[in-house]
Amino acid sequence: MTVLTKEERQLLDEKYAGRACEEFERDRARLASGEPLAYVIGWIPFLGLRIGLGSRPLIPRPETEWWTENMIAHLRSRFGTRNFRFLDMCAGSGAIGLAVLKHIPDAEVSFGELVPEHAAQIGNNMRSNGLDERRCRVRTGDLFKPFGDETFDVIAANPPYIPEGRALDADVAAWEPRLALFAGSDGLSLIREIAKTAPAHMNPGGELWCEVDSGRGPEALALFTKNGAMRAGLRNDHYGRPRLVMAYY
């Protein structure tokens, strides 16, 4: 009997319920070519959800799941049973906003995503997880443009933030979308634009959570403090790396 690698065993268990078959052998070849396990399986768990990756968006990372879980706990404490408006910007698979939709019954969640195929995937993920479609909407376009002059109580963003030219692991560089990874020579081009335009879309007392490159944390923080945030802070992730800017308006 062929000895399976750890990833092959996970693939067999999660996608094929432990039953070896011809399709499994084809998927083993995909793994052997370097394709990420999450794409081969077709979905990834995220805070109790099954996030489909059929459109090949950026694969949600553990650090994103970590701060999203912390954000949800904070928002539940802050808003209680009060209704509030939440925007998941640069949404990709929609994992962040879908987790808010699942765990906070009084949140109205909007998704902004540049790529139409990913926007459609968000809708598929919402339906496949049995979430309340009446409390959410998906808009396609660049950053705030699809939302006109609308305002929000909370904005969460995991934008592209890797500087052009940085070497990445082969399974990331060859398979995940460049558009979701790189953001100019310093990695701050999208964050710079978000920091500049966010104040016009925040309700009084609003807050913004933005994932950043751990090597550019202070520079990202300064962009928000210089562009209208009343205060802002930089928070380490569960690996001890500066990962999250939290700005208040």
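A crossing of two helices is right-handed if the near helix is turned clockwise from the far one by less than a right angle. What you're looking at is a predicted model.

**Helices H1 and H2**

- H1 covers residues 6-16 and H2 covers residues 22-32, and their axes come within 11 Å, crossing at roughly 140°.
- That angle makes H1 oblique to H2, because the label "roughly antiparallel" is kept for angles over 145 degrees.
- On the H1 side, the residues that meet H2 are Glu7, Glu8, Leu11, Leu12, Lys15 and Tyr16.
- Their partners in H2 are Glu23, Phe24, Asp27, Arg28, Arg30 and Leu31.
- Sort the residues of this contact by type and you get seven charged, five nonpolar and no polar ones.
- A handy bit of background: an α-helix has 3.6 residues a turn, so residues three or four places apart point the same way.

**Helices H8 and H9**

- H8 (residues 189-197) and H9 (residues 217-226) have axes that come within 8 Å and cross at roughly 25°.
- These two helices are therefore roughly parallel to each other, as angles under 35 degrees get that label.
- The H8–H9 crossing is right-handed.
- H8 brings Ile191, Arg192, Ile194 and Ala195 to the contact, while H9 brings Ala220, Leu223 and Phe224.
- By type, the residues of this contact split into six nonpolar, one charged and no polar.

**Helix H5**

- H5 runs over residues 95-103 and is mostly covered, with seven of its nine residues buried.
- If you want to find the buried ones, look for Ala95, Ile96, Gly97, Leu98, Ala99, Val100 and Leu101.

**Aromatic pairs**

- There are four aromatic pairs to count here, and two of them are picked out below.
- To describe a pair of aromatic rings, you give the distance of the centres and the angle of the planes.
- Tyrosine 16 pairs edge-to-face with phenylalanine 24, at 5.9 Å centre to centre and with 70° between the planes.
- Phenylalanine 147 and phenylalanine 152 make another edge-to-face pair, with 5.6 Å between centres and 90° between planes.
- Phenylalanine 147 has a relative accessible area of 2%, so it counts as buried.
- Phenylalanine 152 is buried too, with a relative accessible area of 0%.

**Aspartate 186**

- You'll find aspartate 186 in the loop between helix H7 (170-173) and H8.
- Its relative accessibility is 22%, so aspartate 186 counts as partly exposed, because buried means under 20%.
- Leaving aside neighbours within four places in sequence, aspartate 186 touches Pro163, Arg192 and Arg216.
- Arg192 is also one of the H8 residues in the contact with H9.
- Aspartate 186 and isoleucine 162 are 24 residues apart along the chain, with 7.5 Å between their C-alpha atoms.

**Glutamate 150**

- Glutamate 150 sits in the loop between strand S5 (136-140) and strand S6 (152-157).
- At 19% relative accessibility, glutamate 150 counts as buried, because the cut-off is under 20%.
- With neighbours within four places in sequence left aside, the contacts of glutamate 150 are Arg85, Arg137, Arg139 and His201.

Key
Residues are numbered from 1 along each chain as its sequence is written. This is a predicted model: local features need pLDDT of at least 70, side-chain atom pairs count only at pLDDT 80 or more; totals for chains, interfaces and linings use all residues. Side-chain values use heavy atoms; hydrogens and water are left out. Buried means under 20% relative accessible area, exposed over 50%, partly exposed in between (1.4 Å probe, protein chains only). Helices (H or I, at least four residues) and strands (E, at least two) are DSSP runs, numbered from the N terminus. Axes are lines fitted to C-alpha atoms, for helices over the stretch in contact, and angles run from 0 to 180 degrees between N-to-C directions. Angles under 35 degrees count as roughly parallel, over 145 as roughly antiparallel, 65 to 115 as roughly perpendicular and the rest as oblique. Contact means heavy atoms within 4.5 Å. Ala, Val, Leu, Ile, Met, Phe, Trp, Tyr, Cys and Pro count as nonpolar, Asp, Glu, Lys and Arg as charged, and the others, Gly among them, as polar. Rings of Phe, Tyr and Trp (its six-membered ring) pair if their centres lie within 6.5 Å; planes under 30 degrees apart count as stacked, over 60 as edge-to-face and the rest as tilted.
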